[in-house]
Amino acid sequence: MTVKAKHSMRSVIVPADPRNPGDDYLRAELERDRRTERWVAIKAVIAIAAVAVLVIIRQVFFE
Amino acid sequence: MTLDWAGIGSTALLVILLLFVACGAVPILATLYQFLAIPFHSVKNHYRKAAPYLPRVAVVVPAWNEGAVIGASIDRLMSLNYPVEALRIYVVDDASTDDTPDVVIAKSLQYPGNVFHLRREKGGEGKAHTLNHGITRILEEDWMQALLIMDADVIYLPDSLRKMTRHLADPQVGAVTAYIKEGSGDKNYLTRFIGLEYVLAQVAARRAQNVLGALACLAGGAQLHSRENLVAIGGRIDTTSLAEDTITTFSTQLSGRKVVFEPYAVVLAEEPQHIRDLWKQRLRWSRGNVQVTARYKNVWFRPSKVHKLGTLSFGIFWFSILWLPIAMVASSVGLIGLFLLHSELATIVFRATWIAAACTYVYTIGLAVQLDGQTGRGSWREAVLFPGFVSIVVMITAFFPGLLEVTIPGLFGLRMTEQGETAWTLFVYVWISLAMVGAWVAKVVDGTRIGRFLSPALIYLVGYGPLLCAVTVDAYVKELTKAEAKWDKTEKIGRVLG
């Protein structure tokens, strides 16, 4: 059985019994982690952008 | 027709020196390739094949004189968000001489049917022997569906175990590992460097290994095996090597099962605060890796339909770490040789190598600090200085030519002399090798009165990577001289904050 957390602005499902959260909760947790993982690509783009800034500075001022 | 032997010899020498410099570029490019694979983990991961699954888990905890930490570890395990009826903890007491047996027996009374005390009267043979004592006992019964191997001092975050077990719902997966995060409450410069290293080597690199299909190592403090996998690899942990975790990881994959890294299962661990302790720990790991390399000589660079340990990319990753010190020295020798023969060519290849190093450093650190923001924020100084202050200066020299040699001195009305330029050039060419010497000095003075200030200063100056390279050199020497390979346990005193 799962209940909705009242303290959160967003509707976050929390298990009534954390030790036995039930398949629905576990499936939602898995889906949440899978979606969170998409941010890794965005983070990589940000890191690449930092490299690009350095390369541009080099090309503009030091070539 | 007469051959121009002098010309041929000169060209051959030039090619050899260029190959030497290329040796230094291989680890940089291998790291870059590995980290460029990380974003693909957004879509190429194991979550689609994972499913809710809470098997009966037997936790085996090797313990030798862990009285200070074992009680809290058991309490933490028993408070995991995991069905209590599906959890058993077997503490294998490796002939402890402190109060470990008393603490564990008290816990077995507090948690009847969940906590078991197994005593080895003959101890000190190493972690693998201790684990096998417990595994043999656990396999005698049918109860266990999955086995979690951990260390006595680590702390599993409440949801970590169930985030690992969900991957075992896929029968193709033999083992799962978690993110071992440096979790000391009283961090110092070294634990912050180690924390960042773990982000790079686990949270980042193991995502790439998930994508590429071959994992180098299940973390010793967090490896979950299915019963089928454990039986398939012989029902025991290898006792003939110092890298039993890596042997288990390789055995699992060689038997055709997958190994998965779960980044959201977090396990806190206490790591060394002093270089001498880190050196001892890493020497064991490095010697273990040298042994693994020899043992699997028929696996490297031999692609297989069963596993991906033999792929070109995995082989390059493995050897670029193992041979990193050799590559660094070869690179310096190549640059100095080119400087003496053909200084313009030396300048070109120096710049190319160090520009690649600078780009790789910015990208890898930039990505790592985002992947674990908490560690990134707490270790920002170590993130900036991870390659060492001097290497950053060398990168700036290569990336922004003239900035340090001409522009900045010019602001103060200064100009570098020709001899000064030559000395500076030679210094930056050999720096990467000198850095290992600097790291070794940091180890030598560690523990002395002057070392309290000099060791951290040297590590910030020469970088954390060269320290690990210096350990690897020590491992080469110890393996070549067949020095005694004894199990030196890293002392843990319960500094982890859950």
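1. In this predicted model, helix α1 of chain B passes helix α12 of chain B in a left-handed crossing. The two helices, α1(B) at residues 5–37 and α12(B) at residues 343–371, pack at an angle of about 20 degrees with their axes 10 Å apart. Because angles under 35 degrees count as roughly parallel, α1(B) and α12(B) are therefore roughly parallel to each other.

2. On the α1(B) side, the residues that meet α12(B) include B:Leu18, B:Val21, B:Gly24, B:Ala25, B:Ile28 and B:Phe35, while those of α12(B) include B:Val349, B:Thr353, B:Ala356, B:Thr360, B:Tyr363 and B:Leu367. By class, the residues of this contact of α1(B) with α12(B) divide into 12 nonpolar, 5 polar and no charged. An α-helix has 3.6 residues a turn, so residues three or four places apart point the same way.

3. Helix α1(B) also packs on helix α11 of chain B (residues 324–341), where the axes come within 7 Å and cross at roughly 140 degrees. Here too α1(B) makes a left-handed crossing as it passes α11(B). Among the residues making the contact are B:Leu13, B:Leu14, B:Leu17, B:Phe20 and B:Pro27 of α1(B), together with B:Leu324, B:Met328, B:Val333, B:Leu338 and B:Leu341 of α11(B). The contact of α1(B) with α11(B) has 17 nonpolar, 4 polar and no charged residues. B:Leu18, B:Val21 and B:Gly24 of α1(B) are listed in the contact with α11(B) and also in the one with α12(B).

4. The assignment divides chain B into domain 1, covering 57–313, and domain 2, covering 321–477, and the centres of these two domains, taken over C-alpha atoms, are separated by 34 Å. Their contact takes 21 residues from domain 1 of chain B and 26 residues from domain 2 of chain B. On the side of domain 1 of chain B that touches domain 2 of chain B, α6 (189–212) and α9 (275–295) each supply at least two residues. That side of domain 1 is made up of 11 nonpolar, 5 polar and 5 charged residues.

5. Just after α18(B), B:Gly463 takes a positive phi of about 100 degrees.

6. Leaving aside neighbours within four places in sequence, B:Lys163 is in contact with B:Glu262, B:Tyr264 and B:Ala265. B:His342 lies 179 residues from B:Lys163 in sequence and 57 Å from B:Lys163 in space, C-alpha to C-alpha.

7. Finally, the contact between chains brings 28 residues of chain B together with 23 residues of chain A. On the side of chain B that touches chain A, α12(B) gives the most, with 7 residues, and this side as a whole has 18 nonpolar, 7 polar and 3 charged residues.

Definitions and conventions
Residues numbered from 1 in each chain as written. Chains lettered and ligands numbered in written order. Predicted model: local features only at pLDDT ≥ 70, side-chain atom pairs only at ≥ 80, totals over all residues. Axes fitted to C-alpha atoms, helices over the stretch in contact; angles between N-to-C directions. Helix = DSSP H or I, 4+ residues; strand = E, 2+ residues; numbered from the N terminus. Parallel < 35°, antiparallel > 145°, perpendicular 65-115°, else oblique. Left-handed = near helix turned anticlockwise from the far one by under 90°. Contact = placed C-beta atoms within 7 Å. Nonpolar A, V, L, I, M, F, W, Y, C, P; charged D, E, K, R; others polar. Domains from an automatic or database assignment.
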